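Hi everyone, thanks for coming. Let's have a look at today's protein together.

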Amino acid sequence: IDATIPLKSRSLWQKHQVKKFENADQFEGRFIDHVETTLARSLYNCDDLAAYEATSMAVRDNLTIDWNKTQQKFTTRDPKRIYYLSLEFLMGRALDNALINMDISDKNETDVNGASGKPTKKKEGAATNTKEMVAESLDELGFRLEDVIEQEPDAALGNGGLGRLAACFIDSMATENIPAWGYGLRYEYGIFAQKIIDGYQVETPDYWLNLGNAWEIERNEVQFPVTFYGYVDRSEKNTSTLAPSQWIGGERVLACAYDFPVPGYKTSNVNNLRLWKAKPTTEFDFAKFNSGDYQNSVEAQQRAESITACLYPNDNFEQGKELRLKQQYFWCSASLHDIIRRYKKTKRPWREFPDQVAIQLNDTHPTLAVVELQRILVDLEKLDWHDAWDIVTKTFAYTNHTVMQEALEKWPVGLFGHLLPRHLEIIYDINWFFLQDVAKKFPKDVDLLSRISIIEEGGQERQIRMAFLAVVGSHKVNGVAELHSELIKTTIFGDFVKFFGPSKFTNVTNGITPRRWLKSANPALDKLISETLQDPEGNYLLDMPALTKLSALADDKEFQKKWYKVKKDNKIRLADLIKKLNGGVDIIDREHIDDTLFDMQVKRIHEYKRQQLNIFGVIYRYLAMKTMIANGASLKEVEEKFPRKVSFFGGKSAPGYYMAKLIIKLINSVGDVINNDVEIGNLLKVVFIPEYNVSKAEIIIPASDLSEHISTAGTEASGTSNMKFAMNGGLIIGTVDGANVEITREIGEDNIFLFGNLSENVEELRYNHQYQETPIPEDLDKVLKHIEEGNFSPENPNEFQPIVDTIKAHGDYYLCSDDFDSYIATQELVDQVFHTQRDEWTKKSILSVANCGFFSSDRCIQEYSETIWNVEPVKK
Ligand code: RUG
């Protein structure tokens with residue numbers, strides 16, 4: 001349908017063109033408009049929540065206007081477009097970010113009068129940026145911006161690092177003016193909310209949309225039918241699976257688009273995040289209805305909505321559930337049809353598709369898109385198989401985020417073929433051609449074919465290896481940190497390197513957006529940096545390597561004082577949060593906050609991330625302190641050896657991950673004992689922060705002195721919280737794993753505390769544990785015995801035995817025993833520097849921030865653009 005407005009009507013449209021608010025007065029007008037009309041409230045009936053909604057809608061109005069212009073610009077200029085397919089987008093809150101990113105501060109120079117449009121003089125002391133301006137306006141309207149921001153629930157549509165990476169990337173793609181859209185699912189329930197009851201994790205549903213969502217635009221006009229089940233019609237002469245085939249689907253649901261504007265920083269570019277919701281079709285099962293089964297005919301329809309009801313709460317673990325596969329196909333199919341619809345408007349031939357479209361697969365979750373594009377091209381567009389495959393492989397690129405077997409997706413062919421019969425045929429054909437090429441190149445290597453095949457044989461049932469399919473269907477494969485990108489080439493994808501050659505495999509080290517993780521999370525540090533760099537406009541946030549200028553001040557005592565003041569205020573801000581979470585009871589000794597080391601490990605709870613090693617270290621410290629006291633040492637002497645410290649933990653365990661949940665319980669039980677030990681007093685505390693999420697991270701991370709990134713070497717692909725801590729002046733204790741390696745290179749090895757075995761030794765150590773009894777270091781043995789004696793679980797002495805057994809009886813797969821001594825020795829070094837060489841510590845902290853510019857996600861997007869997508873920014 002041509003929905004363009006006739007020429008003669010356009011002047012009227014232009015006369016009433018909607019304008020963005022550009023000053024306080026206009027913002028206030030918009031705010032009140034929304035309160036009174038959109039929300040149907042009034043000045044007698046406007047609480048913080050309504051103020052949040054009205055503020056968000058006023059801000060969203062501005063973003064929408066720029067969104068429209070951006071999309072029109074892209075339509076006219078027709079650049080190559082990037083589509084980032086991610087099953088997770090861990091966005092957190094939107095309001096503060098939008099206020100920071102949308103820049104109307106230049107318009108404040110002359111304060112334009114809203115009603116008359118005449119410029120008036122800027123008020124004395126008026127705000128210099130949008131956030132300040134809105135804060136002042138809200139103040140005049142009777143609200144505090146902080147309280148208003150607090151009303152927003154986190155959009156927790158992700159599990160951890162993978163989903164948060166996607167969120168950072170779409171921020172950077174908008175900032176870098178890349179014509180990019182994100183595609184994902186609009187889960188009704190985000191990751192569960194975590195409660196800690198009697199020390200145990202209890203999951204409760206996170207119905208984040210309960211109060212509506214001011215940031216989304218429901219696009220009722222953008223809907224695609226998606227089909228499941230059914231059969232492939234082979235009744236006609238056409239029997240080849242390579243020729244166009246007809247899939248007669250069984251179940252149909254509708255994919256409906258919801259758009260979230262993604263504003264870039266200091267650009268009017270507003271990109272789009274499109275999330276799909278599943279709805280029933282309007283078709284009706286008349287057969288059932290006529291047979292009197294009205295109830296069932298409606299229920300079947302309603303089941304459609306279950307597809308986008310829940311995010312699967314597993315991180316680095318794949319379960320192989322049918323609903324998950326349904327989610328994946330639903331999302332891939334809808335996204336591809338949308339991408340193709342947009343492409344078809346350009347009237348270009350199919351062969352130009354890869355010149356105009358790049359699709360990035362965030363992990364293997366969207367790999368079905370490879371198969372779906374092949375199906376669309378062959379079955380619906382009637383392209384020759386090989387021409388279609390050429391287009392497909394030039395379009396896709398795949399990012400791998402793990403080498404751990406349990407996290408690699410595999411689908412049993414039975415389940416797969418039942419849900420997607422035509423797609424299974426296509427996968428078999430893709431594999432057939434691929435294996436033929438492999439056999440041609442390596443005719444003598446008979447084992448190679450079974451090792452490299454997309455179909456795994458030999459188990460109870462054949463399985464589709466999605467990572468292999470993603471490699472075969474893509475023109476580039478990247479890992480997410482240097483060590484990881486090297487590892488994938490020698491482990492899981494070793495055979496593919498042999499076949500395709502090494503140039504198909506590349507590295508793009510992860511990054512984080514400094515707008516959220518520095519400016520928004522740590523306004524005090526941002527202010528100090530802006531002042532020091534004489535950059536009141538915050539341009540350094542677009543050019544993070546500019547931070548190296550701070551290095552010159554690393555030894556400057558005056559600067560160190562200011563730097564430390566920022567850290568201290570952030571520690572107090574965190575202490576306030578902990579107090580609030582603890583029902584108003586203070587756990588942290590504020591009087592000694594300067595001398596208390598804040599040590600943090602906040603991330604998903606997983607054995608490979610080794611929160612157990614951390615808590616063993618805490619128990620070791622506690623026992624050593626107790627021994628000193630028992631031997632007559634004074635508290636002062638104890639403090640000299642074991643200076644004041646609070647160990648913070650935070651993170652969710654997958655609901656079905658028994659061992660991770662037990663580790664949470666152990667941390668809480670240890671905390672109960674230590675925190676209530678009057679002999680120890682405030683020298684050592686253990687705090688488990690429940691419901692760790694993006695908005696809590698924004699308070700926690702800026703308050704850290706030290707953070708722990710202590711995975712078994714070779715298991716953490718990159719890690720991104722390590723970058724967030726470094727960017728906020730927290731020092732790192734870590735293993736030589738993931739992006740810790742590049743962090744060390746950037747900030748210097750004197751400014752990071754590394755310990756533990758290297759990844760190249762892991763295999764041998766594991767092997768030895770299997771065939772010999774695990775030798776337990778003496779200090780660790782004391783810790784394990786103390787646990788086994790039931791000292792942290794007097795009512796159920798064996799409660800934590802399974803944790804002890806993983807080390808003593810089951811081969812210590814994560815090598816806690818191998819790394820324990822060097823971990824403890826390194827913690828002692830940490831204590832020493834923090835407590836006896838504070839200036840040295842502060843210097844390291846300054847140097848961390850000064851040299852972490854490389855970890856801006858803007859750099860990642862530039863690398864993806866140049867080396868994988870072949871795309872240029874589209875500026876004005
Ligand atoms: O575990 C990895 C992190 O090391 C990494 O930083 C992050 C982003 O690349 O992705 C995490 N990840 C990996 N989450 N899920 C997986 C495997 O599906």
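I'll go from the overall fold to one helix and then to the ligand.

First, a caution: this is a predicted model, where local features need pLDDT of at least 70, side-chain atom pairs count only at pLDDT 80 or more, and totals for chains, interfaces and linings use all residues. Residues are numbered from 1 along each chain as its sequence is written.

So, the whole thing. We've got 34 helices and 26 strands, meaning DSSP runs numbered from the N terminus, with helices (H or I) of at least four residues and strands (E) of at least two. Of the 876 residues, 47% count as buried, that is, 20 or more other C-beta atoms, placed from the backbone, lie within 10 Å of the residue's own. The C-alpha atoms fill a box of roughly 90 × 80 × 60 Å along the principal axes.

Now helix H25, residues 658-675. Its 18 residues reach 26 Å from first C-alpha to last, close to the 26 Å expected at 1.5 Å a residue; that expected span is 1.5 Å times one less than the number of residues. Buried residues in H25 include Ala660, Leu662, Gly671 and Ile674. What do the buried residues of H25 pack against? Among their partners are strand S7 (193-197), helix H23 (611-630) and helix H31 (801-808), with contact meaning C-beta atoms, placed from the backbone, within 7 Å.

Last, the ligand. Of the 18 residues around it, Gly161, Leu162, His401, Ala717 and Ser718 come nearest; a residue counts as near if its C-beta atom, placed from the backbone, lies within 6 Å.

Conventions: A residue is buried if 20 or more other C-beta atoms lie within 10 Å of its own, exposed if 12 or fewer, and partly exposed in between; C-beta atoms are placed from the backbone. Two residues are in contact if their C-beta atoms, placed from the backbone, lie within 7 Å.
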